Amino acid sequence: MGLLALGTPLPWNEAKQYADHVRYHGISQFLHTWNRLKDRQGDELLWGDEIEYMVVVLEDAAKSARLSLRQTEILDKLSRIVDNISSECPKSISVPTFHPEYGRYMLESTPGSPYTGSIPDILSVEANMRYRRNLARKHLKSNEVPLTLTSFPLLGVPGQFTEPYYDPVGAISSHSLFLPQEITNPHARFPTLTANIRQRRGSKVAINLPLFVDAKTPQPFVDPAIPWERDIYTEDSDAKNGAALADHIYLDAMGFGMGCCCLQLTFQACNIDEARRMYDALIPISPILLALTAASPVWRGYLADVDCRWNVIAGSVDDRTDEERGLKPLRNNRFRIPKSRYDSVSLYISNDWKNRPDYNDIYTPYDEAIFNRLKDNGVDSLLAKHISHLFIRDPLVVFTETIDQDDKSSTDHFENIQSTNWQTIRFKPPPANSPIGWRVEFRSMEVQMTDFENAAFAVFVVLLTRAILSFHLNFYIPISKVDENMARAQLRGASALGKFYFRKNVHTQGNSGPSSGSTSPVNGNGSHPVKEKKLRNCFPAPPRPENGINHEPVESEYEEMSMKEIMTGKGPNFPGLLGLVSEYLDTLDIPADELRKINAYLDFIRLRSTGQLQTPASWIRDFVRSHPDYKQDSVVSQAINYDLLVAVDEM
Ligand code: ADP
Ligand code: MG
Ligand code: MG
Ligand code: MG
Ligand code: MG
Ligand code: MG
C-alpha cells in the first residue's frame, strides 16, 4: 500500500510541522505533471489487478488456524528467487511481483507486467492469478497457506491467533487492547502511520460493528473478551468510558482495517479526459460490486450483522480530530470533514456535459488557496476541486531524508497525500520518470476465495469499462445516493435482499440503446459497425445531443433496484450491467471458444447477482451457523475457524 520510501519517519509532533511544506510541494509536483502530460494522447489499454493474501498456519493436530507473521522472510525469499523463476515462468505469464502490506501476515501480488486488451491476455488473468498463488505457496512452510480471505475471523481474539504469539500489551503504536505490535509490518512507515493517526486524532480509533444476534446470544451483549480493566496505556479506559458499545463488536486499531485483503484493478486510459470519464462512471458501480463481492461477516471471533470490510477500514484510519468530526467547535482545525480519509468518492470530475453539477450534491470541503493556485495554473474547476479536496488532509508520514525534493522530477510529496486518500475509486496521474499514462483504480471489491472468482470480477470490470467508453454509458446519480448505496452494500445479505439507487436509463441520449445505432462503435463513415479484435482505448467523447440537452429533474433519473435488476436488467431501456457487457462483446470479433471462456465468467457473475450462488459472506455465515461446535451465540470458536479455513484452502 502506498509509498514505501526508506528512511527515518518523523513522530507526529514533528511531522505536522511539515504539513504545509508537503502540500505546497505536492501541488507543485502535480502541476509539473499536469503541464507536461495534460495533452498526452493515445495511451493503450494496459491494466492489472492487485490481490492480497493472508498467510495462515494450519495445524491439524491442534485444529488451529493462525496468522503467520513471517512476511519479511517470505518476501525476501520470493524476491531472491525472481531470477530463477523467470526461466521457469510460463511464456504467457510475466514474472509476478510480490509486495509488502500493512499486516505482517499479508502479501500482495500483481502481474509482473500489465495486461493489454488482447483476448489472450484477458483469458490469461485466471492462470496468472493461479500461478502467483502457487508460487507463493511453494515458498511457504509446509503448514502455511496463502488464503484470499477478506478478514481473518479470529483477528484480535485473546490467545493464539498469531504464530508466533505476542501479547497486545506491547502495542506501542496502536495502544490496542487486542492486536499486538508485531501484527504490523515492521517497516518504519507502518508503525509510524499507526501511531500518527492515533496522535493526530487525539484518541484511539473506534469501530463498533453491529453484532449478529443469534438465538442464544446474551442480550444485551456486553463483550466478555474486552479487557475492560486493563491499565497500561492512557486510552485503555476508553472502552469502558463509552467507546465500546453494547451489542457491537468493538475494534480499536488500524490493523483491523488495513489488515484486510481486497481485490483492486487499475486501468490506463487514452488520455486524461477518458480517465476522468471512466472514473466518474465507476463511482456508482463501486457500492454495487462491494455488495456483490461481500466476503467478511466475522470479526474478532463474532458473527457481525454486516458482510463487508469497508466501514472497518474507514474507521481504522480515521485520523480526524473531534473538531473535524463535528464533536467540538472548530478552533484549532480548519475544516469540518464529513468522511474518513478512507471512504467513498465525494466528487465527480468529468468535464463531459453529462456530468450535471447537481450530481455533486454533498458537502465536500476543499482547500481554497490550493484550489485557486491550481486554477491560476490552468487546471479546470472540477479537477482543481478534486485535488484541493484530497489536500485538506495532512501528510501522516514524513521522512527526514525526503523533505526536500526536486519538484520537477519527483512526485513523492503529491503521492504522500494522494496515496493516503483511500477512496473507492482513485484517479492516478502519471508517476514521475515513467512512461505510464493517466489511470483509474477500482478499489471497492472484497477479495474472493478462489482465483476463478477473482478473475471473473477482473474480466467483468475491464469489459464494463469498455462498454462505458464505447457506448457512452451514463451511470450518473447524485453522490449522496452513491453514499447511501455504500451503507446499504455492507448490510447482511445486501446482495440478495437489498435495493440500491441506480440510473433508469444509462444511454446518453436519453432514449437510445447501443442496438439503435447512435452509441455503438462505428467505422470512419459512421455506418456499419466494425468488429474489433481486442479491447482498446481512445473512444470519442460522447456527442452532445443534436436537439440540445433536455434534462429531466435529477430525482426522476434514478430509482431503487435489486442486485438482480442492476446486473441482469429492468424493463426495455436497461439491459443491466451484464447485458451491456454482452452487447459490448457483440462488437468484438472473438473466436467462439474464447467467447465461451469469457461467458463462463459472466455466467458466474449472473448467478451470484440473482442469488443462485451465495456471496462468500453468506457462505461463511452459513458455514459457521451450521457447524456442530456453534452454540447459536454469535461466537466463532477456534475449532469452527479451523474447519472454515481448511474448507477455504480446499477450494
Ligand atoms: P497501487 O499503487 O495501487 O498499490 P500497484 O503497483 O500495486 O498499485 O498495482 C498497480 C496495478 O496496475 C498492477 O496490476 C499493474 O500490473 C498495473 N499497471 C502497471 N502499469 C500500468 C499501466 N501503465 N496502466 C495500467 N495499469 C498498470
Ligand atoms: Mg494492497
Ligand atoms: Mg499495490
Ligand atoms: Mg495499494
Ligand atoms: Mg503501490
Ligand atoms: Mg492499489
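**View 1. What covers helix 16.** The cover over the buried residues of helix 16 includes helix 10 (285–292), helix 11 (310–316), helix 17 (494–497), strand 16 (499–503) and strand 17 (558–562). Helices (H or I, at least four residues) and strands (E, at least two) are DSSP runs, numbered from the N terminus. Covering here rests on contact, which is a pair of C-beta atoms, placed from the backbone, within 7 Å. In helix 16 itself (residues 479–489), the buried positions are Ile479, Lys481, Val482, Asp483, Asn485, Met486 and Ala489. Buried stands for 20 or more other C-beta atoms within 10 Å of a residue's own, exposed for 12 or fewer, and partly exposed for what is in between, with C-beta atoms placed from the backbone. A word on the model before going on: it is predicted, so local features need pLDDT of at least 70 and side-chain atom pairs count only at pLDDT 80 or more, while totals for chains, interfaces and linings use all residues. Residues are numbered from 1 along each chain as its sequence is written, and chains are lettered from A and ligands numbered from 1 in the order in which they are written.

View 2. Why call helix 9 largely enclosed by the rest of the structure? Because 10 of its 11 residues are buried. Those buried residues are Ile272, Glu274, Ala275, Arg276, Arg277, Met278, Tyr279, Asp280, Ala281 and Leu282. They pack against strand 9, helix 10, strand 14 (425–428), strand 15 and helix 15.

**View 3. The crossing of helix 9 and helix 15.** Now for one of those partners: the axes of helix 9 (residues 272–282) and helix 15 (residues 451–471) come within 10 Å and cross at roughly 115 degrees. Axes are lines fitted to C-alpha atoms, for helices over the stretch in contact, and angles run from 0 to 180 degrees between N-to-C directions. From helix 9, Glu274, Arg277, Met278 and Ala281 meet Thr465, Ile468 and Leu469 of helix 15. This contact is made up of four nonpolar, one polar and two charged residues. Ala, Val, Leu, Ile, Met, Phe, Trp, Tyr, Cys and Pro count as nonpolar, Asp, Glu, Lys and Arg as charged, and the others, Gly among them, as polar.

**View 4. The largest nonpolar core.** Which residues have the most contacts inside the largest nonpolar core? They are Met54, Met278, Val459 and Phe460, in a core of 175 residues. Helix 15 gives the largest share of this core, 14 residues. A nonpolar core is a set of buried Ala, Val, Leu, Ile, Met, Phe, Trp, Tyr and Cys residues joined through C-beta atoms within 7 Å. Leaving aside residues up to four places away in sequence, Phe460 touches Val581, Tyr601, Leu602 and Ile605. In soluble globular proteins, nonpolar side chains tend to be buried together.

**View 5. The shell around ligand 1.** Among the 16 residues around ligand 1, Leu46, Gly48, Pro114, Thr266 and Gln268 come nearest. To be near, a residue has its C-beta atom, placed from the backbone, within 6 Å of the molecule or strand in question. Strand 1 (47–59), strand 9 (263–268) and strand 15 (439–442) are the elements that give two or more residues to this shell. By type, the shell holds six nonpolar, six polar and four charged residues.

View 6. Glu163 and Pro164 are joined by a cis peptide bond with omega about 0 degrees. Pro164 sits in the loop between strand 6 (162–163) and helix 6 (189–201). Another cis bond links Gln219 to Pro220, where omega is about -10 degrees. Pro220 belongs to the loop between strand 7 (207–210) and helix 7 (239–243).

View 7. His175, in the loop between strand 6 and helix 6, has a phi near 60 degrees, a positive value in a residue other than glycine. Is His175 buried or exposed? It is buried, because 22 other C-beta atoms lie within 10 Å. Thr234, in the loop between strand 7 and helix 7, counts as exposed because it has 10 C-beta neighbours inside 10 Å. The C-alpha atoms of Thr234 and His175 are separated by 8.6 Å, with the residues 59 apart along the chain.

**View 8. Arg300 with a positive phi.** Arg300 is not a glycine, yet its phi is positive at about 45 degrees. Its loop runs between strand 10 (298–299) and strand 11 (302–303). Arg300 has 25 C-beta neighbours inside 10 Å, so it counts as buried.

Notes
Two residues are in contact if their C-beta atoms, placed from the backbone, lie within 7 Å.
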